[in-house]
Amino acid sequence: MLTARTFALIVICLLPALQFAQKSETDEKERAQKRAQIIEQALADIPNLKLPENRALFLSEAANAIWQEDQKRARSLFQNAADELIAAQQFAESKRSTNPYNELLSGGNTRQRILNIVASRDAELALELLVKTRPAAIQRALMGSALKGNKIGNYYQNDTSLAQNESYMEQNFYRQAAEQNPERAAKILKDSLSKGLSNETFNQLSRLAEKDAAAAAEIGGAVVDKLLRANYMSDGQPLYINIQLTQAILSYNMSTQQGQENRIKFDDAQVRDLATKLIDGYLSDRRIAPYIGGSIESIAQKYSPSSVDAVKRTVKEMTRTNEPSQTDVAYQKLLQPDTPVEQMLAAASKFPADNRRQIYESASNRLMNQGNWQAARAILDENFTDEAREQMLNNFDQQNAYNLINQGKFSDAERVIDGLPEQNRVSALVNMANTVYGRDPKENRSYAMALLAKAGQMTNERPENNNEMSMLMQVIGGYSNIEPAEAIRIFEGLVPKINELTEAAAIVNGFQQNSNVREGEFIMTQGDPFNNYGANSSMIGSFAKYDLGRTERLIDSFTRQEMRISLRLQIVSNLEGQVTSLPIEGRNFRSIVTLSRYRSDK
């Protein structure tokens with residue numbers, strides 16, 4: 001009987017925990033289902049967008065959102081995104097005569113943003129799409145002068161930058177692919193190193209040496225051979241990658257000969273030839289000399305003693321033009337940390353105005369750091385005038401308030417804040433409210449709310465300009481952390497104004513050639529329409545965590561479809577943490593809801 005009673009007691013004690021576990025599991029499933037439904041809604045709306053670049057961006061974001069649940073579906077969406085991007089590039093190419101600076105023509109922000117999303121999930125797929133979506137301008141840049149002969153075809157002189165940026169992105173994707181697929185890392189790194197030189201080349205050689213020293217030595221020799229055949233200048237621009245990679249190899253080889261661990265084996269003869277090439281470049285072309293720096297002397301001493309004198313003369317000639325004046329030397333000495341504040345103030349009058357400004361600021365900062373903020377402020381008050389004085393004291397008071405808040409001296413901080421201009425006062429009060437609340441949410445909540453209310457009194461819940469909108473957004477941001485319901489209430493009141501402004505902007509901007517609106521639709525990769533008017537769409541994500549249903553209704557109240565899709569995908573990323581750097585194979589996935597396949601109505 002005792003055993004039965006004991007068992008019953010254990011069951012009674014465990015029942016609340018079991019119920020809590022069941023509720024947590026149920027809540028997680030409901031949240032996952034709701035998240036999937038929001039993605040479904042976004043995917044249903046994407047084909048209705050007019051601009052292929054918007055469809056491409058949102059498809060990549062949706063694919064990123066469902067990656068952990070359905071990799072096969074996500075990859076298909078990534079492919080669709082690439083197809084839409086190509087359509088956007090083709091349209092931009094057809095309008096080149098009227099908009100030759102369209103970023104789609106040179107693989108700018110839109111392409112980079114989409115491919116980086118893909119790479120965060122499947123870098124090998126990103127490498128495929130990198131080639132697939134490569135615009136004509138980058139293809140020509142990668143070919144270099146092979147097709148041009150002696151004729152000049154690079155009117156904007158940016159081919160070098162285009163080729164280097166493309167190479168860097170490719171090598172970065174190779175690095176991510178190796179991290180995502182550890183068991184195939186050696187092969188991926190070999191493939192990467194065979195493609196060309198980049199900022200990642202030396203690091204990739206080091207990683208390969210850890211896995212396959214013989215392969216690293218072989219490819220390292222090929223890398224040096226490429227550098228020996230390459231130039232340090234092209235189209236009048238320094239080739240930074242070639243210069244930096246040469247220096248990295250030479251510095252590494254010198255350090256290993258001094259007893260440090262040598263993982264990568266370079267051929268001594270090749271290295272000596274490479275050093276000679278760098279030294280010759282330094283001596284013969286002053287355009288690249290500044291990018292080589294002072295390490296050239298030690299390189300010459302190690303690999304080409306006969307050139308040391310010439311190198312030293314060149315270094316001296318280059319540094320002579322930059323020798324500081326006596327005034328500069330005295331100024332730098334005065335700003336040394338061990339110079340007493342009294343000495344700084346006494347000597348300040350001997351220097352030009354620009355130097356005096358820095359001397360007074362430096363002296364003031366030292367006194368502030370010592371806790372003597374009254375004397376620190378007095379230095380600025382006494383040595384500046386008119387608008388310079390006003391701005392300096394305003395900056396000082398903001399910094400002083402920030403310091404006092406961090407020290408927990410809230411009453412002193414509030415008194416300083418009360419003397420700030422209205423706009424600065426609002427941001428300072430909101431910052432203080434968040435800090436106060438973060439110290440002790442339970443005990444300090446009422447004080448934090450009072451600070452937000454005080455800030456709110458200086459704002460207009462029906463803003464009449466972008467400055468008023470920005471101030472109100474700061475207050476909303478404060479409430480979103482402490483009292484989300486109030487934050488949502490205020491934001492809801494802004495929807496009609498935001499709708500009015502965005503609809504008007506779509507008409508006005510659309511009338512202007514080459515703007516951020518085309519065919520009546522905002523180009524979402526050219527900036528969030530919210531931000532043009534002081535609004536902050538990033539708060540929508542925090543609203544969703546507090547009240548998802550109300551946040552969805554808030555999103556539905558916006559008239560612009562591209563904005564609604566963007567906001568839905570934003571809250572999706574906030575509903576569940578996203579893992580981006582795990583191996584592709586071997587992950588555990590659970591299917592929650594089957595999403596309908598995206599179909600384009602192009």
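Start with the whole chain: among contacts (heavy atoms within 4.5 Å) at a separation of 6 or more, 65% join residues 24 or more positions apart. The model is predicted, so local features need pLDDT of at least 70 and side-chain atom pairs count only at pLDDT 80 or more, while totals for chains, interfaces and linings use all residues. Residues are numbered from 1 along each chain as its sequence is written, and side-chain values use heavy atoms, with hydrogens and water left out.

Colour by secondary structure. The protein has 28 helices and four strands; these are DSSP runs numbered from the N terminus, helices being H or I with at least four residues and strands E with at least two.

Switch to a surface. The protein exposes about 31000 Å², of which carbon and sulfur atoms supply 48%; accessible areas come from the Shrake-Rupley method with a 1.4 Å probe, and for residues only the protein chains shown count as cover. Of the 602 residues, 46% count as buried (buried is under 20% relative accessible area, exposed over 50%, partly exposed in between; 1.4 Å probe, protein chains only).

Next, select I249, F266, I476, F491 and F543. These have the most contacts inside the largest nonpolar core, which has 134 residues. A nonpolar core is a set of buried Ala, Val, Leu, Ile, Met, Phe, Trp, Tyr and Cys residues joined through side-chain atoms within 4.5 Å. Helix α25, residues 484–511, gives the most to this core, with nine residues.

Centre on I249. Apart from neighbours within four places in sequence, I249 is in contact with F202, V223, V224, L227, F266 and L274. Then select Y331, A347, M392 and L393, which belong to a second, separate core of 19 residues. In soluble globular proteins, nonpolar side chains tend to be buried together.

Move to helix α5, residues 123–132. Which of its residues are buried? They are A123, L125, A126, L127, L129 and L130. These buried residues of α5 pack against α3 (71–94), α4 (109–121) and α7 (159–180).

Finish with two backbone stops. Most residues other than glycine have a negative phi. D386, in helix α20 (residues 386–406), has a positive phi, near 55°. Is D386 buried or exposed? D386 is exposed, with a relative accessible area of 63%. Now select E519, in the loop between β3 (517–518) and β4 (521–522). Phi of E519 is also positive, near 55°, and E519 is partly exposed, with a relative accessible area of 45%.
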